[in-house]
Amino acid sequence: MSPEPSRGVTGVQSLRIAVVGAGTMGRGIAAVAAVAGHAVALTDDSAEALARAPELIERSYEKAVAKGTLHGDEPRHALSRLATHATLEHAVCDARIVIEAIPESIALKQLLFARVERVVPRTTVLATNTSSLPIAEIAATLAHPERVVGMHFFNPVAAMQLVEVVRGLRTAAEVVDVARSFAESLGKTPIVVRDSPGFATSRLGVVLGLEAIRMVEQGVASASDIDRAMMLGYNHPVGPLRLGDLVGLDVRLAIADHLHATLGGDTYRAPQLLRAMVAAGKLGKKSGEGFYRWDAEQ
């Protein structure tokens, strides 16, 4: 069984958290959980990604100190609560919550949670960071689908206040409560939504992002001017095209294709420009180029 929880630096219960996936989202979730006082085990199938993760997380803490959002010994203490594990089973075996942040594939997520379910205690909550895939389908192959819940974090995790908690058809009420409480322990504001295509945020946000891409495709305005219009005219903190670069244009395309397949109509039909950019490897920040050019420090 999982060890008894203690009280973390935020005054809430300190939990053992496992994060599967050491990419941008996984690192971000692990970083904020460690700052909040939780013990975090991070794992990834890619040895290279896992090896780089602590350095990248430490660098993010340094930037937070420079901005005044972390202070004193907070980064050092947070790093002491973070461990990396090369083996999935070792990382998750005593976790209270396992959060997957792997690519947007139902098959991959099902396989991952099947492996996790074999080694974790019965009380472990299985959370998926999917932004649009159905929770019920991800959980369908498990012996205990009632412990699967959506926890949709937003990029950059440290700065974004929202966590979308998605209740699947068979998700237990107490599992939703654990997810909400954990989000609150990170200083986030959770909203609870039903398991429907695109949930609340992706369904709305993707519409804006796709229309912005169509405007670039049609020569209405430049990417930077479209983004500036939404920032200055509608008080958006970041424009839809820059946000697409941050999320990853391949992720944007996958979400659009999923929503188009499930909801129909033309609203979520991906522009040809988006398909062409993804095919060319212009995925946004992670590839160095999308609608903007990115250097290592941006």
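1. In this predicted model, strand 3 and strand 4 run parallel and are joined by 5 bridges. Within this pairing, Ala18 stands opposite Ala41 of strand 4.

2. How many of the 5 residues of strand 4 are buried? The number is 4, and the strand is therefore largely enclosed by the rest of the structure. A residue is taken as buried when its relative accessible area is under 20%.

3. Helix 1 (residues 24-35) lies across strand 3 (16-20), strand 4 (39-43), strand 5 and strand 6 (97-100). Relative to strand 4, helix 1 runs at about 165°.

4. These strands belong to an open sheet of 8 strands with mixed pairing, in the order 5-4-3-6-7-8-9-10. Strand 5 (82-85) and strand 10 (189-194) stand at the edges; each has a single partner strand, so one side of each is left without a neighbour in the sheet. From one strand to the next, the twist averages 25°.

5. Antiparallel pairing is found between strand 8 (residues 148-152) and strand 9 (residues 162-167), which are joined by 3 bridges. In this pair, His152 stands opposite Glu164 of strand 9.

Methods. Residues numbered from 1 in each chain as written. Predicted model: local features only at pLDDT ≥ 70, side-chain atom pairs only at ≥ 80, totals over all residues. Heavy atoms only, no water. Pairing = 2+ DSSP bridges. Helix = DSSP H or I, 4+ residues; strand = E, 2+ residues; numbered from the N terminus. Axes fitted to C-alpha atoms, helices over the stretch in contact; angles between N-to-C directions. Contact = heavy atoms within 4.5 Å. Buried < 20%, exposed > 50% of the residue type's maximum accessible area, 1.4 Å probe, protein only.
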